[in-house]
Amino acid sequence: SESDSETGLSASSGEVAGGFSSEAISEADLSAGRFDGARVELYLVNWSDPAQHMLLKVREIGEVTRAGGSFTAELRSLAHRLSQPQGRVYARRCDAALGDARCRADLRAFQATGTVVSVDAAGRIAVSGLGGFAEGFFRQGKLVFAGGANAGRGFDLDDHALKDGVATLSFWLPLETPPKPGDAFQVTAGCDKSFSTCKTKFSNHLNFRGCPHMPGADFAYSYVTS
């Protein structure tokens, strides 16, 4: 499509459309987000002599939409990075990702492996292998499939429930390709980013990256009384 360019530091944009006719770009990889933020180089090429070419622009892939056997990808200039939030925001809850360099929690003791037993109509999966964990231990955690059609892909969990002794996991978003019984996975415990959870569940309160004692809205809107 046409692309716009502006002087200064404003981000220019365009888009590219294509079909899934090449093994290099598959619909499964695109839907899995493996091309999010990918670098795209736009060349001017002499079709009769491809050795004669010139690099015109460098872009990054933004929003991707799919329809039928084709896709459309937004191309953003590198200047769009300047509009991304930088620094930290003061808040009561932790702003680190569980297990990263700022959190420092050792997640090996908070992971487990299991197998899908069944899948219901709502997308919830009944699993085996999590019998030693309390209900809710993996709530807001992450599940990575080790086998099946979703092998290597990770998904955010919404809830971890126990019913009649069987562990059930539900996802934040429905899976495009539902797993099948027998698919293996690894699951990591979830964290609600609160100080109490960091202390009681992970014993990692010394590395808490929030401000749990910051006054809230109830204090800000209070007034002096007798």
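I started with the second largest pocket and sorted its lining by class: six residues are nonpolar, two polar and four charged. My classes count Ala, Val, Leu, Ile, Met, Phe, Trp, Tyr, Cys and Pro as nonpolar, Asp, Glu, Lys and Arg as charged, and the others, Gly among them, as polar.

I noted the ground rules next. This is a predicted model, where local features need pLDDT of at least 70, side-chain atom pairs count only at pLDDT 80 or more, and totals for chains, interfaces and linings use all residues. Residues are numbered from 1 along each chain as its sequence is written, and side-chain values use heavy atoms, without hydrogens and water.

**Entry: the pocket.** I listed the lining of the second largest pocket: S31, K142, R153, G154, F155, D156, F171, W172, L173, P174, L175 and E176. The largest share, three residues, comes from strand β8 (residues 154-163). The space in this pocket is about 230 Å³. A pocket here is an open set of points on a 1 Å grid over the protein atoms alone, where a 1.4 Å probe fits, with protein on both sides within 12 Å along at least five of seven lines; lining residues have an atom within 4 Å of a point. The volume is the space filled by probe spheres set on the points, with grid points joined across faces, edges and corners.

**Entry: overall build.** I counted three helices and 10 strands in the protein. Both are DSSP runs, numbered from the N terminus: helices are H or I with at least four residues, strands E with at least two. Along the sequence I read β-α-β-β-β-β-β-β-β-β-β-α-α. The radius of gyration is 23 Å, while a compact globule of 226 residues would have one near 17 Å. I took the radius over C-alpha atoms; the globule rule is 2.2 Å times the number of residues to the power 0.38. The C-alpha atoms fill a box of roughly 75 × 60 × 30 Å along the principal axes.

**Entry: open sheet.** I traced four strands in the order β1-β4-β3-β2, with antiparallel pairing. Two strands pair if DSSP finds at least two bridges between them. β1 (13-19) and β2 (39-45) each have a single partner strand, so one side of each lacks a neighbour in the sheet. Neighbouring strands are turned by 40 degrees against each other on average, direction ignored. Axes are lines fitted to C-alpha atoms, for helices over the stretch in contact, and angles run from 0 to 180 degrees between N-to-C directions. Seven bridges join β1 to β4 (residues 70-77). G19 has S70 as its bridge partner in β4.

**Entry: phi check.** Most residues other than glycine have a negative phi. R104 has a positive phi of about 70 degrees. R104 is in the loop between β4 and β5 and is exposed at 56% relative accessibility. D164 has a positive phi near 55 degrees. D164 is in the loop between β8 and β9 (166-171) and is exposed at 75%.

Terms used
Buried < 20%, exposed > 50% of the residue type's maximum accessible area, 1.4 Å probe, protein only.
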